[in-house]
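User: Hi! I'd like to go through this structure with you. Could you take a look and tell me what you find?

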Amino acid sequence: MKSTITLILVFTLSCTWAQQTVTLTGSIKDSMSGELLIGASVYVAQLKMGTTANLDGNFSLNLPLGKHVLEVSFIGYENQSVSIDLRESINMQIVLKPSATALSEVVVTDQAKAANVEDMKMSSEVLSIKTIKEIPAFMGEVDVLKAIQALPGVQSGGEGTTGYFVRGGSADQNLVLLDGATVYSPSHLMGFFSVFNADVIKEAELYKGGVPAQYGGRSASLLDITQRNGDNEKFHGNAGLGLIASRLSLEGPIQKGKSSFLVAGRRTYADVFTRMSNREDLKNSIMYFYDLNGRLNFKLGEKDVLTLSGYYGDDVLKNKEQLSWNWGNRTATANWKHSFSDKLIADISALYSDFNYTLAVNSTGSSELEWKARINDETLKADFTYLANSRYSFKIGAASIYHTIHPGNISITGSDVETSFNLKTQRALESSAYLSSTIKVNDEFTVDAGLRYSMFQNIGGIVNQYQPETNEPLSSTEYDAGEFHGTQGGFEPRLSMRHMLGTSSSIKMSYNRMMQYLQLASNSTTGTPLDIYFPASENIKPQIADQIALGYFKNFKDNTYELSAEVYYKYMQNQIDFKDNANLILNEHLENEVLSGDGQAYGLELMLKKTQGKLTGWVSYTLSHTERTIEGINNGKAYSPTQDRPHAINIVSSYQIKPRLQFGAAWTYSSGAPISLPTSSYEFDGVVVPVYDEKNGYRLPDSHRLDISFTLDGKKKAGRKWEYSYNFSIYNLYARQNPFSIQVRQNADNPRQTEAVQTSLVGTMIPAITLNIKF
């Protein structure tokens, strides 16, 4: 009887509490451009309760009935206090004015500045485009991918390149998204520049661990890049003129206050100057890349927003007489957000991704070889968010990706020959569903738990069987078009916990399992446009990574300084490598060149960041190790893959010298990458043959580099409708010749001896100047 009365009492109190609380939802925008402010803070001081605007610029709070004062803030904007009298659930729009004061005088509320400590996320970093633009850039081209290489736990794939490794993972284990669509080859000019035009990027968020349940498909990291909406209040544009490339972006309202457009283009123009050369070899050579970006945003009433965006880019490399090589990415996104109520929100997307390349060689003038390959995805996904109250929220969703892989088609045409060779097209369906929940147990302890299930199914095609001992082809099975086979899948649990230690520090823990069904066949460390993706199948198991991380987060001096320290351990299954002298080009039995085994990675990441004042930036140190153990490689003993770099240091700073003059600097240091070098040699038929005893038993010399930049804003004049600034940058200030590779060759003077020769891609100081114009 007593327990029954208690249960009735608890139920009655719960209902009474539910009746006395209502939901406040809304969005936070820039007062001038109408741009949604992702990460802006809403804080109710008297209740010690707050939240931040999500990736859509929206926020939600469950508050008691009555009067409240909202403190709204965002870095670079004037704070605003908003008084409300809640009598029912409402939706409101809040606008913030850009601050007219210097950055050193911008005041941000404790709630906004304490996000480092209070946020549930760990092993992740959000870089705003403002931060990215403050980092000195190669040839003056602001680059998202080079910016994330300055973060702890991220290693550069090589000097001057945009390829990167995260916490011991390989380059193909990083998922890169642009407005939700996969970008398979996110670099230009063999990796020296990324495909992302900084003029259209709003922010980039990198997850090294603690990946939310709605994401999957890669086992190392997620880089989620968001394009910004165009200004829905007035028309304006940006232009840039640099030594290697120029760019232009235009934006404005379609229907003022309700819809907007943003279009942008970028192109290099080295080929313009080579055509003017007197040298025939340069005059007949063409090398350039271009990007086109577009985004349309429509507010369809109070509850619906439709966004359409796309990217189209190509690299072109030609010698008019002998070689033609071009490759490029295309993405398209259609996103619809609908609010069923103050508590239930739907986010539905249709996505398209494509990467393709064509290589044409004319060797004799009478015959031509053409090689084509591509991969494209068609994706449907739906996510639903339910905001139960201030302590509970839920997410549920599903996605399906239809992969089509054309590994390679070759045709040879000439006066006396015409033939072709086509590898079989591979098709597969990758499906997933997830459920996650954020539970605020009390003011100190919050849990975010999720469960994802993913499944991969091959469709049609041919599956080869091999001899168990010799791996020689034995037989094959052909499946009809549309017939499913080779189904593989599994659960991917996700868990994050945060415990507050007072108001200025916290400890966080995360665990996630990630499964990867697409792999990259490449003999290079960072990938090239000729690399081939191939799917999991009856002969290839999906890669699996289990990672656990623990972190301590502390803010100092009124939250001006942020300290983070994380340790992690990652266990990896079904990691792939290739046999010695593996044939990866146009191989019908590519899976027979693959060997698989286990791996592990662990490390410590330290970061101290200064977020306010004239001097801002961060210092980070990473201590890490990763290894693989694969039967058939290195005699079955553990070895270090190329991404094993024990020590890494990054120092990034920006200093506002004067209101119109800003200085930026970035210094990076990294241990040398593992390489294989011969331990002895023998002579056969007059040729010295090197002998290798151990895979990756040696290391390249350590790498380090200093880059600097100055940005000078032009004087503003009354009545002038445009502004300008100059950016001066120097890449590799002290001309360090960092090693890219070491080749072993016979000595020209003594062929009986071998010598190691170091190659450096960038061995000199590279200055650049860029003129930026706003109108």
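This is a predicted model: local features need pLDDT of at least 70, side-chain atom pairs count only at pLDDT 80 or more; totals for chains, interfaces and linings use all residues.

Analyst: Happy to! Where shall we start?

User: With the hairpins, please. What sits in the turn between β29 and β30?

Analyst: There are 4 residues between β29 and β30 in that hairpin, and Gly502 in the turn has a positive phi of about 85°. The two strands, β29 (residues 473-500) and β30 (residues 505-516), pair in the antiparallel sense over 7 bridges.

User: And how many bridges join β28 to β29?

Analyst: 20 bridges, with β28 (residues 445-466) and β29 running antiparallel. These two strands also form a hairpin, this one with 6 residues between them. Asn471 is in its turn, with a positive phi of about 60°.

User: Nice. Which residue of β29 stands opposite Gly450?

Analyst: That's Arg494. On the β30 side, Arg494 has Asn512 as its bridge partner.

User: Switching topic: how many cavities of 30 Å³ or more are there?

Analyst: The count comes to 9.

User: Which element gives the largest share?

Analyst: β36 does, with 4 residues of the lining of the second largest cavity.

User: Good to know. Now the domains: what does the assignment give?

Analyst: Domain 1 covers 19-113, and domain 2 is made of 199-300 + 319-774, according to the domain assignment of the protein. Their centres, taken over C-alpha atoms, are separated by 34 Å.

User: How many residues does the contact take from each domain?

Analyst: It takes 23 residues from domain 1 and 28 residues from domain 2.

User: What about the area buried between domain 1 and domain 2?

Analyst: About 2100 Å² is buried between them, and carbon and sulfur atoms give 44% of that area.

User: Why quote an area for an interface?

Analyst: Because the size of an interface is often given as the accessible area lost when the parts come together.

User: Great, thanks for the tour!

Note on methods: Residues are numbered from 1 along each chain as its sequence is written. Side-chain values use heavy atoms; hydrogens and water are left out. Two strands pair if DSSP finds at least two bridges between them. On a 1 Å grid over the protein atoms alone, a cavity is a set of points where a 1.4 Å probe fits but cannot get out, and a pocket is an open set with protein on both sides within 12 Å along at least five of seven lines; lining residues have an atom within 4 Å of a point. Grid points are joined across faces, edges and corners, and a volume is the space filled by probe spheres set on the points. Domain bounds come from an automatic or database domain assignment. Contact means heavy atoms within 4.5 Å. Buried area is the accessible area (1.4 Å probe) that two parts lose on being put together, summed over both.
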